[in-house]
Amino acid sequence: MKSTFQFDIGTLLVAEMLICLIFALVLFILASRFRQHRGIRQVAYAFVTASVGIFVLVLRGHMPLVLNVLVSNGLLMVVNLIFYAGISNLLGSRPRFGLPVAAAIVTLSALPYYTVIENRTDIRIVLLSINAFLMWLNPLVDLMRYRVRSVIVRLMMISILLWMLADLLRAAATAFLGAPADFFTYNAIQTAYVIIGVFSACGLGIFSMALVTREITTSIERSARRDPLTGALNRLGIEELLAVEVERSRRTRVALSVALLDIDHFKAFNDTGGHAAGDEVLRNVVDAVSHHLRPFDVCGRIGGDEFLIMLPGSTALDMAGVCTRVLREVASLPPHTASGIPPTVSIGFTQADIYDTVVDLLARADRALYAAKNNGRNCAQMELAALRTGPLEAPGTSKPIRRSRIRRAASSMRDFPS
């Protein structure tokens, strides 16, 4: 007698439920360690909710049919929304819930009719398949729009795309071929779909773990280059970027200007108001500097009270304007409450030459900084390299920057009132 092997839908659903629980457990462990990443916990909740929804589905014969259909499928729709929110948080994008929520409401409103009044399993399957396709559409679009097209993101896109394709094929096949009255009765179409669901759960779990791991690694690397007190880059971070920008300026002959900023008499804040007073002054100065920087300009803390400002694509003339505005804003800050001392800063700045190394550039800015201090503090001084080659060009033009013009513009800053 010839026997035919058949997959049991109930067994497949239990396997999918266990897979979701395993991924949820691992993600919750990661979420407890990296609490700043809300997306990890949200993805973990999605897998837990999926396992609960599948468990309710398995109990179909032990509870009223309409209740089982609404609860199990409602939970699976919630899974999609939570998963979408978690992935969006991990990618740094903003989720758009309009389409998935509308699809879920319409589908859940129609299910009772085709369960109680007309017990039509085939229509319910078609409705749920179309709903699943629509609910996965926004996550897929957001992944496609994500600025970093890594292998992980591409694989997750492929996994979601295959699942959406399976939903469409299931809806079409069920509409033309029909479905058994009982969902758990063997049917090639539904069994194939459940098998695809098991593999999709594995795929989404693995890719979610990979995405979480990548975001955690990126966050750790970013934290290693960020000063926790002020939020500015630390010495490692700013010097890495400076090396890159110096090389780019040399290669493209686009201007680059840097400035060293030092808080005047910083020790007095610590001595009179304690370290809390000094910390507050540091944060206030960084805020004042940041207000006058473009999104691609950089400020980094390279010492106790010393900061490096870098303006890619900007001449010393541009830097002179930024320094003037920073000096004015810092000078306008009220005296610190505990110490009673008004904060001021001294700045030395320069423009990169095509033969400059990072050491040359910083040394020249440092000499200009000491000149500012010797000139009475609360002012800015400039020092340019000797004119050894053709001048650098201002970005977006073919006209050379005249150093005499820069010197005249910067000279107005030398006697900034203290």
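Buried means under 20% relative accessible area, exposed means over 50%, and partly exposed is anything in between, using a 1.4 Å probe and the protein chains only. The model here is a predicted one, where local features need pLDDT of at least 70 and side-chain atom pairs count only at pLDDT 80 or more, while totals for chains, interfaces and linings use all residues. Residues are numbered from 1 along each chain as its sequence is written, and side-chain values use heavy atoms, with hydrogens and water left out.

Arg225 has a partner: Glu240 forms a salt bridge with Arg225 (a side-chain nitrogen of Lys or Arg within 4 Å of a carboxyl oxygen of Asp or Glu), and the closest N and O atoms are 2.7 Å apart. Glu240 sits in helix 9 (residues 235-252) and Arg225 in the loop between helix 8 and helix 9, so the pair ties together parts that are 15 residues apart in sequence. Helices here are DSSP runs of H or I with at least four residues, strands are runs of E with at least two, and both are numbered from the N terminus. Glu240 counts as partly exposed because its relative accessibility is 35%.

The count of salt bridges comes to 13. Another of them joins Arg301 to Asp227, with the closest N and O atoms 3.3 Å apart. This pair links distant parts of the chain, since Arg301 is in strand 2 (residues 298-301) and Asp227 is in the loop between helix 8 and helix 9, 74 residues apart. Arg301 counts as buried because its relative accessibility is 18%, and Asp227 counts as buried at 10%. Then there is the salt bridge where the side chains of Lys373 and Asp262 meet, at 3.2 Å from N to O. Here too distant parts of the chain are linked: Lys373 belongs to helix 12 (residues 358-374) and Asp262 to strand 1 (residues 256-263), 111 residues apart. With 7% relative accessibility, Asp262 is buried.

Now for the empty space inside. Rolling a probe the size of a water molecule over the atoms shows where empty space is left. A cavity is a set of points, on a 1 Å grid over the protein atoms alone, where a 1.4 Å probe fits but cannot get out, and lining residues have an atom within 4 Å of a point. The structure holds one cavity of 30 Å³ or more, and the largest cavity has a volume of about 760 Å³. Its lining has 35 residues, and Glu16, Asn73, Leu76, Trp163 and Tyr193 are the closest to its centre. Helix 6 gives the largest share of that lining, nine residues. By class, the lining has 23 nonpolar, seven polar and five charged residues.

Two loop residues have a positive phi without being glycine. Most residues other than glycine have a negative phi. Arg253, with phi near 60°, lies in the loop between helix 9 and strand 1, and Arg253 is partly exposed because its relative accessible area is 40%. His265 has phi near 50° and is found in the loop between strand 1 and helix 10 (266-290). At 51% relative accessibility, His265 counts as exposed.

Methods:
1 Å grid on protein atoms, 1.4 Å probe; cavity = no way out; pocket = protein on both sides within 12 Å on 5 of 7 lines; lining within 4 Å. Points joined across faces, edges and corners; volume = space filled by probe spheres on them. Nonpolar A, V, L, I, M, F, W, Y, C, P; charged D, E, K, R; others polar.
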